[in-house]
Amino acid sequence: MHPKEQRLKYRENIENGTTSGLCDGYLQANMISLPAKYAFEFLLFCNRNPKPCPVVDVLEAGQVVPSIADADIRTDLPKYRIYKNGDLERETFDLKDVWEDEFVTFLLGCSFTFEKALTEVGISLLHQEMKKVVPMYQTSISCEEAGSFKGEMVVSMRAIKKEELEETIRITSKFPHAHGAPVHIGDPAEIGIQDFEQPDYGEFTPFNEDERIPVFWACGVTPQYVGLNAKPEIMITHAPGHMLITDQKE
């Protein structure tokens, strides 16, 4: 299905599930909208932390149509989150009642983009097979701070067959705009994950530890976690696992 057709389903509230595995070959993006007074510090944070925050587009204050998609960012993602003063207020399917012309929007690369390249060579992804949102975890990996934006990296996890690990690293390293190569392989506790079966975002995907090894990639949910420390009066993001599907080929 073409991305525009899929986005229309979100706009009309026909679907609202995870975008993993949808519209193969097209770039997917994380979204975060902030009042304009936070824009410079946040852009600086992204520039200092390109692994979790690879910027693929920035919309000027009030702009709602990105350069990489014939889309309206207020309605064309499957699900959004609205934070106020550092607390999650609610999830919603559109932003019509909260949008303000002072909002500056950032679109960041997403690891869903490289998943097609993995499945094309036969590397299986359990969260897709189980129809789950990929598990994501807060870690002890510090990001480089910028003004009020500071905190630790969030990672996504995919359990990869041991014999496919080398190929997985090789393929994902070719996608720097989609987080690139893994940031950690193996023991979750080494990066501060204490309860592996209870991810902070998404859903756990059980696997056979004799056959597979957990592999962790930097995740575009990082700004949501870091934004909780900045505590802007309002911050709008995609719901974890529910991306903007763009018209740009990956």
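The model is predicted, so local features need pLDDT of at least 70 and side-chain atom pairs count only at pLDDT 80 or more, while totals for chains, interfaces and linings use all residues. Residues are numbered from 1 along each chain as its sequence is written, and side-chain values use heavy atoms, with hydrogens and water left out.

Let us begin with a sheet. Helices (H or I, at least four residues) and strands (E, at least two) are DSSP runs numbered from the N terminus, and two strands pair if DSSP finds at least two bridges between them. By these terms, 4 strands form an open sheet in the order 6-7-9-8, with antiparallel pairing. Strand 6 (136–142) and strand 8 (184–185) stand at the edges with a single partner strand each, so one side of each has no neighbour in the sheet. Helix 6 (residues 222–230) packs on this sheet, where it touches strand 6 and strand 7, and its direction makes about 155 degrees with that of strand 7. For that angle, axes are lines fitted to C-alpha atoms, for helices over the stretch in contact, and angles between N-to-C directions run from 0 to 180 degrees.

Now follow the pairing. Strand 7 (residues 152–161) meets strand 9 (residues 212–218) in the antiparallel sense over 7 bridges. On to strand 8, which runs antiparallel to strand 9 and is joined to it by 2 bridges; here Ile185 stands opposite Val215. Strand 9 is mostly covered, with 6 of its 7 residues buried. Buried means under 20% relative accessible area, exposed over 50%, and partly exposed in between, with a 1.4 Å probe and protein chains only.

Beyond its neighbours within four places in sequence, Thr139 is in contact (heavy atoms within 4.5 Å) with Glu152, Met153, Val155, Ile191 and Ile193.

In helix 2 (residues 39–48), the buried residues are Ala39, Phe42, Phe45 and Cys46. Seen down the helix axis, they fall within an arc of 125 degrees, so they line one face of helix 2; the arc is that of the directions from the helix axis to the C-beta atoms. These residues pack against strand 1 (26–35), strand 2 (55–59), strand 5 (103–109) and helix 6, whereas the face turned away carries the exposed Phe40 and Asn47.

Helix 3 (residues 112–120) buries Phe112, Thr113, Phe114, Glu115, Ala117 and Leu118. Its buried residues pack against strand 1, helix 4 (126–129), strand 7, helix 5 (165–172) and strand 9. Gly122 follows helix 3 with a positive phi, near 90 degrees.
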